[in-house]
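User: I have a structure open and would like to go through its inside spaces and side-chain contacts. Can you take me through them?

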Amino acid sequence: MKAPKYVVKKGGKYWPSNAMKKIANMTDKNIYDKAAKNPVKFWEGVAKEGLTWEKEWDKTYVEKLPYFEWFKGGKLNFCVNCVDRHLEHPKRIAMIWVPEPTGEKPIEITYGELYDKVNKFANVLKENGIKKGDVVSIYLPMVPQALIAMLACTRIGAIHSVVFSAFSADALKARIEDGKAKILITADGYYRRGKPEDLLKKAKKAAHKTTIKKIIVVNRIGKRVHGKKFLDFDTELQIAESYCKPETMNSEDTMFILYTSGTTGKPKGILHDTGGYAIQAYQTCKWNFDLHPGDVMWCTADIGWITGHTYAMYGPLLAGATTLVYEGGPDYPNPGRWWKIIQDHEVNVFYTAPTAIRMFMKEDFKWIKKHNLSSLKILGTVGEPIDQKSWMWYFNKIGGERCPVIDTWWQTETGGTLINVLPGIGPFVPTVSGLSFPGIKHVIVNEKGKEVPKGKPGLLAQKSPFAPGMLHGVHNNHKKYVDTYWKKFKTMYDTSDGAYLQNGLIRITGRTDDVMKVAGHRLSTAEVEDAIHDNRKVGDVAVVPMPNKIKGQVPIAFVVLKHGKGSKKLEKKLKKYVDIKIGPTARPARIFFVEDLPKTRSGKIMRRILKALLIDEEPQGLMTLVNPGSVGKIKEIIKANQ
Ligand code: WTA
């Protein structure tokens, strides 16, 4: 059968075809105006229709800035919404898990089986003293137990704090300590590019002398684990009671913490609540990705990031669909792996980062061509701006000119997507994200919060009523919450992104602060600087992102030594410091040893100037520097070392 064509080209733009309009959950372009008339009512309507509540709320939206609450007084359990309510179809597949080793068989877990495992694991947590409101740290690779552990937490009202498995022991420790987690769920390891990677060593080091009482270990690579502190995930599951009553939660109770990078050295714990987050995840899956029960969605993001939480785990389940989770490297054992997975498991919705697209563009097309990708319906991108060439390649080569490309803008803080085009409405324009989701309003403003003329670049801000999925604070840090998001515009949420309007649609230009996006991963320059500073030879350091063809951006460090000269050996050593403190994801691509960093009279490092030098642009604003002479010297060092 010929694969349906979901887009048509009209007036030089791509629009949904009749085939798409026929199946799409949302095709009415007036939905934007309708929702804008009364956004609170709009969200009230979708929340009633889309979620299962134990008790309806008393007030839909309460705002007392900088805080606001959705569905106040409403009661629900998140796990019930993801699992129990789909038990009418217990045989429907909830998750397809694809292990990296090609000799191992993929595993399908039905909603019925998931219910069974989640109930049991919730009891394991309870047996080990976990109660509503306790924090559980999860440091797991992409294995089915990750989903089971996360859902089990939500079943009993425990707050999960998932930490990216490629982060270092130090990074995990800092997050355990900030959250005062009582239990750590981890694995002995995982497979990456054909090799088993040790995870347990890092986990043990991180948990040492912290609040962690027990470590529950998933046996993935067959390591033996000894000690009173350790429990085996599967053994515990087997002996656990089979039913665990779901905890009744308030809509505004915290459901999870996810640490993310800001402009300081310390990551901040973003707090998400239960009801608001749930509806954002559900509704965006339904309308952006047009998920229907039984559809297979593959979001390639790791659970250590918000995209993995919302679209690799929770969103598809809330919608009663099937989520596909793949353990390993994208090009293992060859660059055809991803496309073979799409073919073998008939993936309908594929959601990935521009970095991955750019990586595959370099490969021989034969790796894609030999696979049948006709199951695909929608393609999505996230995490960084996508350039025209990559968008077109994705559309042509992966989507076969049949599938809309949905470029979704959002953040860890927003919980779910906020700006994109809806597949049933269109248009699909390369490099342009689109409109704010119905019921949400963004404006593009100047530093003072005044709207800039249409088409002019400015800062992206969100207006009240704020999206239900938005963060509801920073863990233990009210000041940081206020300073980061509310200080600049007071009554509007500051996204820290730049944007402009292109034919009425929002085009994102990227971060306006010191946050980098390295291969779609969010990292702060300050964190990398702190790690390098730990070496006693280092006097001063500045880290800035440099554009990179594949990864979007890579960190570059400029280091002033207290004494002595830099060397390749020291460069290697300093990179190791970053590996240890954060993880290889944050490792600088280059370290330049310089005599002095460009600084203002007040001692502020002018990273803007370093950024310009890296891309061979003439730096502006040298007049404000105390040491303008440093700039020429740095320029020479960059040239000599390229
Ligand atoms: C960037 C990821 C351009 C943006 C979900 C934002 C994007 C940061 C897009 C958040 C997009 C995300 N186009 N830029 N479609 N999506 N970004 O918290 O700079 O890891 O502020 O959340 O990613 O990164 P985070």
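Analyst: The volume of the second largest cavity is about 50 Å³. A cavity here is a set of points on a 1 Å grid over the protein atoms alone where a 1.4 Å probe fits but cannot get out, whereas a pocket is an open set with protein on both sides within 12 Å along at least five of seven lines. Grid points are joined across faces, edges and corners, and a volume is the space filled by probe spheres set on the points. This is a predicted model, where local features need pLDDT of at least 70 and side-chain atom pairs count only at pLDDT 80 or more, while totals for chains, interfaces and linings use all residues. Residues are numbered from 1 along each chain as its sequence is written, and side-chain values use heavy atoms, with hydrogens and water left out.

User: What lines the second largest cavity?

Analyst: Its lining has 14 residues, and those nearest the centre are Thr484, Ser496, Arg511, Asp513 and Arg522. A lining residue has an atom within 4 Å of a point. Two elements give two or more residues to this lining, α16 (478–485) and β27 (493–502). The most comes from β27, with four residues. Helices (H or I, at least four residues) and strands (E, at least two) are DSSP runs, numbered from the N terminus.

User: How many polar, charged and nonpolar residues in that lining?

Analyst: Six polar, six charged and two nonpolar for the second largest cavity. Ala, Val, Leu, Ile, Met, Phe, Trp, Tyr, Cys and Pro count as nonpolar, Asp, Glu, Lys and Arg as charged, and the others, Gly among them, as polar.

User: And what about the largest cavity, what volume does it have?

Analyst: About 60 Å³. Phe167, Arg175, Tyr259, Thr260, Ser261, Gly304, Trp305, Arg522 and Glu527 line the largest cavity. By class that lining splits into three nonpolar, three polar and three charged residues. Over the whole structure, the search finds three cavities of 30 Å³ or more.

User: Switching to open spaces. Which residues lie nearest the centre of the second largest pocket?

Analyst: Leu435, Ser436, Ile440, Lys441 and His442, out of 28 lining residues. The second largest pocket holds about 580 Å³ of space. At least two lining residues come from each of α2 (31–37), β24 (435–436) and β25 (442–445). The lining of this pocket has 15 nonpolar, seven polar and six charged residues.

User: Now salt bridges. How many?

Analyst: The count is 35, taking a salt bridge as a side-chain nitrogen of Lys or Arg within 4 Å of a carboxyl oxygen of Asp or Glu. In one of them, Arg220 meets Glu327 at 2.8 Å, N to O. The two sit 107 residues apart, Arg220 in the loop between β13 (214–218) and β14 (230–232) and Glu327 in the loop between β19 (322–326) and α12 (337–345).

User: Is Arg220 buried or exposed?

Analyst: Arg220 is buried, at 12% relative accessible area, and Glu327 is buried too, at 1%. Buried means under 20% relative accessible area, exposed over 50%, and partly exposed in between (1.4 Å probe, protein chains only).

User: Which residues does the salt-bridge network link?

Analyst: Lys568, Glu571, Lys575 and Arg590. Within it, Glu571 and Lys575 have their closest N and O atoms 3.5 Å apart. They are about one helical turn apart because they lie four residues apart in helix α18 (residues 568–581). Glu571 is buried at 5%, and Lys575 is buried at 19%.

User: Aromatics next. What does the search find?

Analyst: There are 42 aromatic pairs in the whole structure. Rings of Phe, Tyr and Trp (its six-membered ring) pair if their centres lie within 6.5 Å; planes under 30 degrees apart count as stacked, over 60 as edge-to-face and the rest as tilted. Tyr311 and Tyr351 are edge-to-face, at 5.6 Å centre to centre and 90 degrees between the planes. Tyr311 is in helix α11 (residues 306–318) and Tyr351 in strand β20 (residues 349–352), so this pair ties together parts 40 residues apart in sequence.
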